[in-house]
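User: I have a new structure to go through and have not looked at it before. Could you walk me through it?

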Amino acid sequence: MDIFFQQLVNGLTIGAMFALIALGYTMVYGVMKLINFAHGDMVAGAAFVGLAIYTHVMGEAVSLPAVIAIFLLTAVAVAFFGIILERAAYRPLRNAPRLSAVVSALGASLIIQNGIMLVWGPQMRIFPELIPPLSWEFGGVIVSLIQFLIMGLSLLLMVALYLFIEKTRMGAAIRAASIDQDAARLMGINVDRIIAAIFIIGASLGAVGGLFIGLYYRGITFNMGWQYGLYAFVAAIMGGIGNIPGAMLGGIILGLFNAFIAGYVSSTWADAFTFMLLIVILIVRPTGILGERVAEKV
Amino acid sequence: MKHSDYYGYALFFLALVILPFFLDSRWQAVATTFIIFTIVALSQDVVLGKSGMFNMGQALFFGLGAYTSAICNTKFGIPLLATVPLAIIIPALFGIILAGPIIHLRGDYLLVVTIGFNIVFVQALQNNLLGLTGGPNGIFGIDMLQIPGIDSGRQSVVYYICLAALVMVLIILKNLETSKAGRALHYFREDPLAAESIGINTRAYKIFAFAFGAGIAGLAGTLYANQYSAVSPEAFDFVQSVLFFSIVIVGGSSVPGIVLGVFVMFVLPEIFRDFATWRYFIFGFAMIFTMILRPCGIWPATYGKVPAYILKGKQHGKK
Amino acid sequence: MAKNDLVLENVTKRFGGLTAVDRLDMEVCQGQIYGMIGPNGAGKTTVFNCITGIHPCEEGRILWKGDDITKLPPYRIAAKGILRTFQTIRLFPQMSVAENIMSGRHVKSAQGWWHGIMHTPKSRRDERENWLKVEEQLEFFQLHEFAVQPVQSLPYGLQRRVEIARAMAAEPSLLILDEPAAGLNDKETMALLELVFRIREMGVTILLIEHDMDLVMQLTEKLTVINFGKKIAEGTPAQIQQNKDVIEAYLGSDDDD
């Protein structure tokens with residue numbers, strides 16, 4: 001029983017990270033109908049940027065204000081890169097066939113990933129221990145401070161995003177643009193600004209996810225973007241791509257599933273089982289758990 | 001085919017035939033790999049270029065063929081040449097089995113599911129499935145493909161075997177293009193609803209396309225096993241699938257486009273070894289620029305291949 | 001029941017809460033030119049989609065030559081000799097006119113999937129025969145000079161012709177035309193009129209949706225009028241013109257497109 005609750009905690013932690021990253025995928029897909037393959041690499045980049053800020057800007061300080069500063073600066077930097085990415089790789093292809101945008105995204109992904117490698121080298125780097133390695137035990141289950149932080153902050157951010165999307169004008173505009181970009185434009189919504197907004201939000205959330213990955217796993221490599229990115233993307237698809245609560249749900253489910261497989265079956269089969277879960281879900285419910293069917297007028 | 005096409009193919013073939021005489025053993029190996037990957041890319045084109053299905057898991061079938069040959073040869077002692085039919089049929093069967101439940105999915109979902117299949121496959125290989133696949137190190141010590149009377153261990157012979165396979169694949173693809181089945185693929189790519197309404201069983205033909213591409217990729221797998229005498233999981237992971245996918249889209253859904261794509265992706269880095277670490281970085285830019293400037297690929301597919309007797313409007317005797 | 005009859009019995013189609021087609025009965029007899037008219041959004045194209053299997057109906061039956069085709073998928077209905085054109089032209093854009101028409105020969109071709117790998121004398125003969133049939137259609141529809149041009153480069157009126165040629169290549173017994181005159185000028189509409197009569201002379205039954213009332217009156221022998229998914233009138237063009245319910249539904253229908 002201990003294993004169950006331990007894996008539950010681990011799963012929620014990982015799930016929270018997946019959810020944060022998945023939100024970036026799902027927001028971009030919702031409005032632009034584009035799989036932003038480069039998102040995972042930006043998440044990886046965030047970890048390296050965070051490392052760089054820690055080393056060169058913060059002078060390796062680990063105080064609370066320093067940590068907060070690292071988070072904020074990284075988020076801003078990654079959001080900035082997100083805007084550049086959109087302008088350079090996606091905007092020129094707004095009216096091109098979908099496949100072109102997919103390949104452009106893959107190209108951007110290769111650029112970012114290999115850019116990281118060229119700057120920081122191909123070997124694994126160690127992310128600084130910004131959070132003290134404290135942990136507490138609750139009836140046989142160990143929960144670390146980092147895990148509390150990840151789960152708590154992720155929850156906060158997700159709630160904030162949910163409120164933003166549901167309760168604000170900009171949020172309504174985003175939802176409108178997700179349903180029908182042209183109609184939204186005709187209603188006076190500045191779609192370019194909406195797209196900029198979703199890239200900023202998605203990239204920032206992803207950046208936080210990347211920093212969490214650094215804090216939790218400590219070892220970061222230039223190509224980890226595809227690994228985590230793929231998982232997060234799977235989470236977004238499972239929840240129904242384009243659906244924001246779906247991405248959160250998908251992330252949590254995926255994290256839990258991954259943890260339980262690793263705990264009960266075998267960690268060397270975790271990827272395989274996760275994808276088999278995805279395949280089953282898509283066969284049974286092709287548009288994802290919370291996804292909606294869209295009818296085509298003939 | 002137009003006359004200019006004939007000359008183009010003849011020249012290309014001639015160049016490939018005389019190539020080994022100008023190359024040393026190491027570069028012959030590069031050329032051999034070039035041909036093997038061209039075959040895989042051509043198989044990817046059947047599913048992606050002709051049929052318009054977002055398949056990003058073709059390395060799975062490539063690997064299935066390679067591992068089938070490897071296992072049959074090392075575990076059951078079957079000579080490599082005899083494993084070829086199995087290396088084609090087993091991937092083709094998997095193509096049918098895997099495509100069946102997922103073929104109706106929308107493009108982006110299909111993409112992720114094919115990546116998923118690829119990842120499951122590679123992880124199964126790494127876990128030494130059924131004790132057959134050899135774990136993360138793969139299988140080595142595969143015999144060479146033996147042709148009686150010829151010293152089949154020489155690199156140039158291996159090269160010519162692959163070249164012969166390429167020619168055969170090109171002929172088969174030509175047959176596909178001038179057949180009812182091949183045309184059906186193009187039709188449902190252009191407009192699935194219109195294709196259904198004109199009488200095409202799109203579901204059946206989509207599965208056909210997957211199986212067709214899988215079989216060809218499987219053949220390339222045997223050639224790969226022959227060339228390297230070993231197979232390992234990383235050679236067939238989804239990163240490879242992404243490359244094959246990109247080659248077809250960036251190069252264009254045509255034989256010249258694909259050959260060009262394979263050359264740029266696999267041969268150029270061998271020529272410019274010094275730039276190897278910059279390889280993918282530069283490719284990324286190339287991919288983006290190509291999509292912006294030439295969305296249909298560098299050398300897109302062409303249509304309007306209509307038999308000459310239709311065009312000339314001549315009277316032909318009714319039989 | 002005569003041989004090549006299309007019979008709709010109590011056909012009902014719902015999309016969620018909306019009843020698009022409501023208990024429709026209709027019978028198209030062999031050799032007729034039958035029209036379906038009604039205001040925009042009345043459900044006419046939905047009826048066509050039910051017949052051709054694109055959106056199978058929830059209730060009711062559709063019979064063709066005595067067989068129940070209600071739940072058949074579109075490709076099987078085409079094989080049974082029912083071919084259609086679309087309101088928004090749906091050709092295969094990048095492909096040439098001849099290749100588009102060749103798709104109509106798919107149901108008539110005897111080739112198996114294995115001929116995609118290797119040709120046989122039988123498959124080569126089949127290819128030749130089918131291309132010759134395509135040539136017949138090119139002649140009949142006067143499309144010969146455009147044979148190798150991509151259809152997306154052709155003007156709208158020509159694209160319409162190609163779409164009909166494609167359907168005719170499949171040798172239909174019933175040809176369903178969804179607003180064939182939409183987007184055509186007067187001259188082109190006249191040509192369409194003659195074309196439809198010629199097709200009927202070849203023994204093909206024709207069912208069409210149209211908004212151009214002049215065309216409908218000249219072309220059709222019998223009409224069903226639909227509004228809000230329900231049949232509100234049925235009869236000859238002359239009868240329909242006098243029908244009060246129809247006039248009310250249209251409230252001053254326009255003749256032009």
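This is a predicted model: local features need pLDDT of at least 70, side-chain atom pairs count only at pLDDT 80 or more; totals for chains, interfaces and linings use all residues.

User: What does the secondary structure of chain C come to?

Analyst: Chain C has nine helices and 10 strands. Along its principal axes, the C-alpha trace of this chain spans about 60 × 40 × 35 Å.

User: And how does its radius of gyration fit a compact globule?

Analyst: The radius of gyration of chain C is 19 Å, which agrees with the value near 18 Å that a compact globule of 257 residues would have. Of those 257 residues, 46% count as buried, and among the contacts in chain C with a separation of 6 or more, 68% are between residues 24 or more positions apart.

User: Which domains does the assignment give for chain C?

Analyst: The domain assignment gives domain 1, made of 1–81 + 172–257, and domain 2, which covers 101–171. Taken over C-alpha atoms, the centres of domain 1 and domain 2 of chain C are separated by 26 Å.

User: How many residues are in contact between those two domains of chain C?

Analyst: Nine residues of domain 1 are in contact with eight residues of domain 2 in chain C. On the domain 1 side, the elements that give two or more residues are helix H2 (74–79) and helix H6 (186–201) of chain C. By class, that side of domain 1 has seven nonpolar residues, one polar and one charged.

User: How many bridges join S1 to S2 in chain C?

Analyst: Seven bridges join strand S1 (residues 6–15) to strand S2 (residues 18–28) of chain C, and these two strands run antiparallel. S1(C) and S2(C) form a hairpin with two residues between them, and C:Gly16 in the turn has a positive phi of about 65°. C:Arg14 stands opposite C:Thr19, which lies in S2(C).

User: And over how many bridges do S1(C) and S4(C) pair?

Analyst: S1(C) and S4(C) pair over five bridges, in the antiparallel sense. C:Leu8 stands opposite C:Ile62 in S4(C), and the bridge partner of C:Glu9 in S4(C) is C:Arg61.

User: I noticed C:Cys57. Is it buried or exposed?

Analyst: C:Cys57 is buried, because it has 24 other C-beta atoms within 10 Å, and the threshold for calling a residue buried is 20 or more. C:Cys57 is found in the loop between helix H1 (44–51) and strand S4 (59–64) of chain C.

User: Which residues does C:Cys57 touch?

Analyst: Not counting residues up to four places away in sequence, C:Cys57 touches C:Val11, C:Thr12, C:Lys13, C:Val21, C:Cys50 and C:Thr70. The C-alpha atoms of C:Cys57 and C:Lys71 are separated by 7.9 Å, and these residues are 14 residues apart along the chain.

User: Now the contacts between chains: how many residues does the contact take from chain B and from chain C?

Analyst: The contact takes 30 residues from chain B and 40 residues from chain C. On the side of chain B that touches chain C, the elements that give two or more residues are helix H6 (155–177), helix H7 (180–190), helix H8 (192–197) and helix H13 (308–311) of chain B. H7(B) gives the most to that side, with eight residues. The residues of that side of chain B divide into 15 nonpolar, 10 polar and five charged.

Methods. Residues are numbered from 1 along each chain as its sequence is written. Chains are lettered from A and ligands numbered from 1 in the order in which they are written. Two residues are in contact if their C-beta atoms, placed from the backbone, lie within 7 Å. Helices (H or I, at least four residues) and strands (E, at least two) are DSSP runs, numbered from the N terminus. Ala, Val, Leu, Ile, Met, Phe, Trp, Tyr, Cys and Pro count as nonpolar, Asp, Glu, Lys and Arg as charged, and the others, Gly among them, as polar. Domain bounds come from an automatic or database domain assignment. A residue is buried if 20 or more other C-beta atoms lie within 10 Å of its own, exposed if 12 or fewer, and partly exposed in between; C-beta atoms are placed from the backbone. The radius of gyration is taken over C-alpha atoms; the globule rule is 2.2 Å times the number of residues to the power 0.38. Two strands pair if DSSP finds at least two bridges between them.
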